[in-house]
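Thanks for coming, everyone. I'll keep this brisk. Please look at the model on the screen.

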Amino acid sequence: MNQQLSQALTDMLSKLGLEEYYPNKLTLRSLLEINKDSIYVNPPSLPTDIPWYFLRNLLQINADSRKCIQLADTDSESDDPFGLDLYTEENNKVNILDLIVALFLCADSFLQQEMALKMSMCQFSVPLLLPHCYDSQCSLMLWALRDIVKEWRTPKLSESKDFAEASIVQADAPFYCFVRLKNNSLSKSLLLNHVMNHGQQNTKIFMDREMEGGTHHREIANGLVEMSCYLPCGRKTDEIFQKPVIFANLRGDICESPTQFAFLYEVSIAVFVLMDKIQEDELKILMSLHDAKSKLFFVFTQNKNAIEDTMSVKTAVEKLELPKNHLVSKKQNVNVKEFSKTLCVTINSSLECVSNRMCIANMTETAIKLGLSVDEQRSAAQQNAAESIREGIGLRKIPDYKKQQLRLQGENWRKLSKLEKEECRLNNAGDSGLEHYKSKLRKEKQEIRKKQSQYTLSKAMKIFIDSLSTSDKENRDLFLKWMKLKLDSHSRIKLSELRNQLKREQEKKNAERVAELDQALLESSLGIEHFMREMGLIYEFSEETTGEISRLPQLAAEMVMDGHPLELLDGDASNIPEMWVSAVLNEVHKKVGNRSRLLVLTVLGVQSSGKSTLLNTMFGVQFPVSSGRCTRGAYMIFLRIQEDLKNELNYDFIVLIDTEGLKSPQMAQLEDSYEHDNQLATFVIGLSDIAIINIAMENVIEMKDILQIAVHAFLRMKEVGKKPVCHFVHQNVGAVSAPSKGMIDKKLLLDQLNEMTQIASEMEKLPTIKRFTDVLDYDMEKNNWYIPGLWHGTPPMAPVNTGYSEAVAEFKNSLLRSDEEYKSMDETFIPDFLEWMKSLWKAVKYENFIFSFRNTLEANAYDNLWKEFNEWEWEFRRQILTWKSEAETEIRNANTESDQDLFQLVGSKKDELLKNIETQQKEMRKKLLDYYKRKDVHAYLIEKYRQYFLNNIKSLATEVQLSTSHELDCAGKLHKSFKMVQDLHKQSKSLFETHVEDLLKKCRESELSEEELTEEFDKMWAKVTENISDLKEQDISNGVKRLLKDSFSNRNVNEDFQNIGDLMETEKSNSEAKTEPLKSARKFKWFQKKDHKDKDKSDLKEIEESNFKAKLNI
């Protein structure tokens, strides 16, 4: 028997062309590489084509992938009508179950997981026990099933609109198995399909005899145990099972696979045995089972002409003492669909008695006891390492755990990120000098970097880095997978608890507590990406990149080349660890021998619009798609292009960039939500060669707004010279008429984008830019794609829509076939990409205006109001300045006999000042309110800024009142002390002359150079004048620069502005200012007044120094 099975396996592998991949040599990594087969997909013409065609379709989540494996009938005319060539015909046929067994035997553990996951998404049954095919044993496929996570809703949860989520191997669900005897006419798989589809769509979960290819002879699949899980959606009316139920199906009869049957009997709540009759050897097996009368159910197909068969079943029932309700009979005149309803009633009644249930993860002990192997036993060391990290969390909240174990990405990193942007934008400089403020920011940055560099490696990070440092890539990948599984499981539990708490507090309308829980949900995400981020920051802040630290970029580079994502932009801190990303990608560049031409493809979309699923379906990758964990930022995956396609595409890697969902509800509550989304969109589109804008029909407006801001930002950034190709993907559009009917909508969208682009170009004074297509490469005819909804029916039992998979595959093939378009692009190697990334991110950091707006129209409306407001402010200041000059003149010329008279005069002028300011303030408020009533300025778009401008008017009035009052006081003091100043001037001059004479005597006694004479004079002067009071010199240059920065905050001059030197020096040299803000400096000449006393003192020094040197020469 073993030799026959072994020969059968050899023959099957040879027939399918898989000999070189057995055992477990076919890798997921090799299937993800881009080659010609990825683009030019043709139906199989030979048996050896079948595995690759099936895998390509499966990885693209095509629910028809099982139907597409039969060879095309190319010689139908010569077919023998009498069926005499059956052997030849059958020899070319492959049973789908044989194909699945062969592929699982040839696949490595990661491909097994991916296949099981995609099969589950297609609502195919998945292997639970995989036969070895060279002996009578099999393997429990626990590892292969671990990545399958399901969501469901029971009627009880439906009342609260909640849901349950768990890995299928950890789900608390009763386990039922279906087996058959040798003599059985009822299709077990067909019956199971009807049971699991009762009340829902008709999905072929288990391969049955009525499906295409279902009658082909099985060569190696007997002994295979498949399983699938029925999951309720919360509707009481049309669901036969109100709780999750797992069904297992043993292929072949129980005598062929006694070990599998024994295992299934041990772990099942109930075992349903299908039969027409029972033979002696079969009865002996059934009699040997313990507790048979409570577990065994007979499904008997009656045959009126076979009385002996009926009697054999009756005898078995009596000997096994089975209750009457454990025998379910099917009469010949009842079809399978009707009979399935009877069976569902029996199953439901047994569910009521269920007390003990065993999840799949706990079946390991039973499997080992029966001599079965368990697939994940080979990764025990990696599992233990991952578990030790998970156990480190303990009962702590995830934010607390991060603060202790992932310290570098905490508050200091976020603060440093804000300081870097503030250093570019200087939004909070206030009244302090700009240079002084920048110096203060740099000092704060240095202090944070110093603190960060002093942190020691935490226990969790030590385990993580040590586990990654192995030279065995498979062990490293196993550790990472275990980490993902453990952390995802932990996060699911914690996030579920937080969501329940949030729901309760929302019902209580406790706003403060709701805000706290919202923040906790944002901070309670924990995954591999956080540990990788910490590893990057260890390198980023390390003062010495030697020893173990220097190895970190090499480790990360190897992971990138193996298909693991690399975090490009940290969404929590909105920053890029540039040193780390550069070091990692430069290592990749070295490892591929500088052959690193890149095609950068980005997908951008609103949260939960299906953008990550789109990339995963297109390329078979595994970007996170669950909305449960709020991972933020942008991640990149490198896909190799195989040699057969490199010359055609002119690239070595396709770089996929996936971003967090825009417009997320969690982010919408934050003040900088617009800025965050707009920055992210601008950055990733700017990096791209191809930008995919993913639009679900309900969020067209949001994506249009974001695109406007991105285009506007590109116009403001001199560094942006790229012109990405832009594709719009319209999701959830299933109608065949959508492309035709959507033409009007497409044109309307393009017209709106063109209009906004023109408005932006006028704002930025770029008359050559008139259309959206002047900034992004977009063809309305070719670059729009319509994709049906993802699910065919109602989840969780709905399979992926075949139309979705096919539309995504067509889109992918179109992208990769556009070789002429890509060849015309400039080649971008990794070093070029890094330089581009740095310059683009620098431009994003300096941009402090456009990102804060929803769209270009809003930005334009704000810009127009700001211009008007500046004119109103200048008129306000001019009126008060004119009045102040007259008031100062009146105070200086006043003929007051006493201090009291002078005090009363100054006080009356202050009262007059308050009245003038109140008048000007009312006038300015009236102008603002009238502006908001105008219909031609889109004022409704900036309604939220009304209070901001009203506050600015109030602040302006307060500032002018304080500064002018101070100057009136100074004018009064100057008038009062005018005679004192003259007397002091005479006394000081006499004192200076006396000291000069003393210095002359001293200097005539020794010969001193010009420099030494000047130094001696300066020392004397400083000593004599140290007790003479004066008024502090104003920093005119800084004052002008500060006002210019405020006045031109809506212009893209931040970086140029910071390069301006001393304005006083600029004035002296009569140099022409090159930036637009300086052209308006004439408005601020009133700043350039210096105190007379300060000037007199300076002039006196010059005179005395000149006289001193003249007398010395005489």
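Start with arginine 476. Its relative accessible area is 1%, so arginine 476 is buried. Keep in mind that this is a predicted model.

Arginine 476 and aspartate 562 form a salt bridge, with the closest N and O atoms 3.5 Å apart. The two sit 86 residues apart, so to speak, in distant parts of the chain: arginine 476 in helix α22, residues 473–508, and aspartate 562 in the loop between α25 (548–561) and β12 (566–570). Is aspartate 562 buried or exposed? Aspartate 562 has a relative accessible area of 12%, and the cut-off for buried is under 20%, so it counts as buried.

On to a second pair. Glutamate 226 and arginine 251 meet through their side chains in a salt bridge, at 2.4 Å from N to O. Glutamate 226 belongs to strand β6, residues 225–230, and arginine 251 to strand β7, residues 245–253. The pair therefore ties together parts that are 25 residues apart in sequence. Both residues, glutamate 226 and arginine 251, are buried.

Third pair. Lysine 204 and aspartate 208 form a salt bridge, and their closest N and O atoms are 3.2 Å apart. Aspartate 208 is buried, at 1% relative accessibility. Lysine 204 is partly exposed, at 26% relative accessible area. The total count of salt bridges is 46.

Next, strand β16, residues 690–696. Why call β16 largely enclosed by the rest of the structure? Because seven of its seven residues are buried. Look at both faces. Ile690, Ile692, Asn694 and Ala696 point one way, Ala691, Ile693 and Ile695 point the other way, and all are buried.

What about the neighbours of β16? Strand β13, residues 598–605, runs parallel to β16, joined by five bridges. There, glycine 605 has asparagine 694 of β16 as its bridge partner. Strand β17, residues 725–731, also runs parallel to β16, with seven bridges between them. Here alanine 691 is partnered by cysteine 726 in β17.

Last, the whole chain. The protein chain has 45 helices and 18 strands. Of its 1114 residues, 53% count as buried. Among contacts with a separation of 6 or more, 79% are between residues 24 or more positions apart. The accessible surface is about 52400 Å², and 49% of that belongs to carbon and sulfur atoms.

Notes: Residues numbered from 1 in each chain as written. Predicted model: local features only at pLDDT ≥ 70, side-chain atom pairs only at ≥ 80, totals over all residues. Heavy atoms only, no water. Helix = DSSP H or I, 4+ residues; strand = E, 2+ residues; numbered from the N terminus. Buried < 20%, exposed > 50% of the residue type's maximum accessible area, 1.4 Å probe, protein only. Contact = heavy atoms within 4.5 Å. Areas by Shrake-Rupley, 256 points an atom, 1.4 Å probe, with all protein chains shown as cover. Pairing = 2+ DSSP bridges. Salt bridge = Lys/Arg side-chain N within 4 Å of Asp/Glu carboxyl O.
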